[in-house]
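Look at the model below before reading on.

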Amino acid sequence: MRSLWNETVSRHVFPTLESDIRTEVLIIGGGIAGILTAYFLQQNGVPYILAEKDRICGGTTGNTTAKITYQHGLTYHKILRGSGLEKARMYLQANCAAFEKYAALCQEIDCGYETKNNYVYVTDDRQKLDDELNALSQIGYDAVFVKDLPLPVDTAGAVCFEDQAQFHPLRFLYAIAKDLNIYEHTFVREMDGTAAVTDRGQIRADKVIVTTHFPMLNKHGSYFLKLYQHRSYVIALENAQNVSGMYVDDSKTGFSFRNYNNLLLLGGGGHRTGKSGGNWNELRRFAGEAYPDAVERYCWAAQDCMSLDHIPYIGNYSRNTPDLYVASGFHKWGMTGAMLAAMMLSDRICGRHNDFAEAFDPSRSILRTQLFVNGLESVRNLATPSKKRCPHLGCALKWNPDEHSWDCACHGSRFDESGKVLDNPANGDLKS
């Protein structure tokens with residue numbers, strides 16, 4: 001199971017760390033957030049090392065649908081209601097800045113960058129769209145309501161953000177990464193202050209940035225309470241439909257649509273990691289009805305970290321870690337989220353003020369309904385009998401017959417049939 005992006009890119013090979021080394025900044029995690037942070041630090045002349053446990057772009061970054069947009073579902077109404085007008089406005093402005101940075105960088109990179117309108121639709125309640133449009137009006141953004149969509153789904157309409165974009169994420173990232181100071185197959189097993197212990201050497205740094213998708217250090221920040229993980233699935237279809245835009249259902253269990261060349265990328269089947277869901281079977285049933293002449297060319301799955309309030313955690317890992325930073329909780333919108341994180345964290349390292357830091361502060365209030373849902377899920381799974389337990393915090397693992405993996409419903413760690421870790425926060429394999 002490899003994504004369209006992984007199958008259609010030329011990769012660079014980076015060395016493995018073989019001895020002790022010292023640097024000013026260590027970045028742990030070679031996904032899009034880590035790579036872009038490294039790129040900006042290099043642009044600013046800051047010595048750094050990026051350590052990736054496997055190959056760069058090997059996780060969620062290589063399994064995205066690669067929509068570049070500051071329309072993140074019907075999010076602005078939720079942020080306005082939960083965090084206030086100023087935070088909602090800052091969220092929009094920050095993600096607009098990230099979008100503009102992509103537009104500038106992609107002018108110099110052959111990565112299939114295309115301008116497209118983005119649509120968030122609902123299948124039931126038109127009021128959700130009206131609430132979002134009203135919130136956007138208060139924030140100062142002029143979105144568009146669209147009644148009829150060219151989709152094989154009955155909808156109540158959509159909110160449209162015009163002139164958004166899509167691209168080939170790995171062609172973009174490998175162009176960005178080719179001259180960066182990256183070590184692959186360099187698994188940071190543990191931290192001793194700001195010193196990272198790997199299998200073949202130690203990396204000593206003045207500052208550390210954790211971009212490991214789900215933060216792997218448990219003793220700071222309470223991310224095991226502030227995050228949960230959600231899986232979603234994609235199939236790439238030939239002989240399907242040109243939808244002439246990017247579309248996503250506001251429901252976590254709905255469908256998304258976008259094209260890449262002659263392929264339709266159909267997404268959906270989502271569920272909380274460790275729970276049951278529709279997965280590829282749901283997508284294939286839908287495709288069989290909507291596109292009976294289509295041929296499936298690729299299929300893949302992604303895993304996303306979901307924050308408590310729809311806003312990512314970007315900044316100091318906790319109040320008590322002045323030299324340790326984090327970027328996580330992109331809530332399914334990792335393209336602009338990762339770019340924003342890289343811009344903000346490189347500003348922080350370089351001593352520059354960033355206007356958006358307050359809105360994304362990882363130490364903001366966690367008193368949200370989702371916090372109690374996450375806590376209840378952890379208690380339930382800790383009490384569930386199971387021969388296989390997650391090495392992260394001891395939760396019961398559930399066999400996933402569709403992906404042939406052992407999955408943790410507490411925090412989203414996953415392991416293959418042999419026990420090798422696939423997705424963190426677990427930082428090691430299952431013990432036999």
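Arg380 is partly exposed, with a relative accessible area of 41%. Here buried means under 20% relative accessible area, exposed over 50%, and partly exposed in between, with a 1.4 Å probe and protein chains only. Glu377, at 7% relative accessibility, counts as buried. The two form a salt bridge, with their closest N and O atoms 3.3 Å apart. A salt bridge is a side-chain nitrogen of Lys or Arg within 4 Å of a carboxyl oxygen of Asp or Glu. Both residues lie in helix α11, three residues apart, about one turn of the helix. Helices (H or I, at least four residues) and strands (E, at least two) are DSSP runs, numbered from the N terminus.

This is a predicted model: local features need pLDDT of at least 70, side-chain atom pairs count only at pLDDT 80 or more, and totals for chains, interfaces and linings use all residues. Residues are numbered from 1 along each chain as its sequence is written, and side-chain values use heavy atoms, leaving out hydrogens and water.

**Salt bridges**

The whole structure holds 24 salt bridges. Three of them are set out here.

| Pair | N to O distance |
|---|---|
| Arg380 and Glu377 | 3.3 Å |
| Arg364 and Asp309 | 2.7 Å |
| Arg414 and Asp423 | 2.7 Å |

What does the bridge between Arg364 and Asp309 tie together? Arg364 lies in the loop between α10 (357–360) and α11 (369–382), and Asp309 in the loop between β15 (295–306) and β16 (313–316), so the pair links parts that are 55 residues apart in sequence. Arg364 is buried at 12% relative accessibility. Asp309 is buried too, at 7%.

Arg414 and Asp423 are both buried.

Tyr247 sits in strand β12 (residues 246–249). Its relative accessible area is 2%, so Tyr247 is buried. Which residues does Tyr247 contact, leaving aside neighbours within four places in sequence? They are Tyr119, Tyr121, Leu149, Pro150, Leu151, Phe255, Ser256 and Phe257. Contact means heavy atoms within 4.5 Å. Asn118 is 129 residues away from Tyr247 along the chain, yet their C-alpha atoms are separated by 6.0 Å.

Ala426 lies in the segment after β21 (421–423). Ala426 counts as buried, at 1% relative accessibility. Beyond its neighbours within four places in sequence, Ala426 is in contact with Cys390, Pro391, His392, Ser413, Phe415 and Val421. Ser363 is 63 residues from Ala426 in sequence and 22 Å away in space, C-alpha to C-alpha.

**The whole chain**

The chain has 11 helices and 21 strands. Its radius of gyration is 21 Å, close to the 22 Å that the globule rule gives for 432 residues, so the chain is as compact as a globular protein of that length. That radius is taken over C-alpha atoms, and the rule is 2.2 Å times the number of residues to the power 0.38. Along the principal axes, the C-alpha atoms fill a box of roughly 60 × 50 × 45 Å.

Buried residues make up 58% of the 432 residues. Among contacts between residues at least 6 apart in sequence, 72% join residues at least 24 apart.
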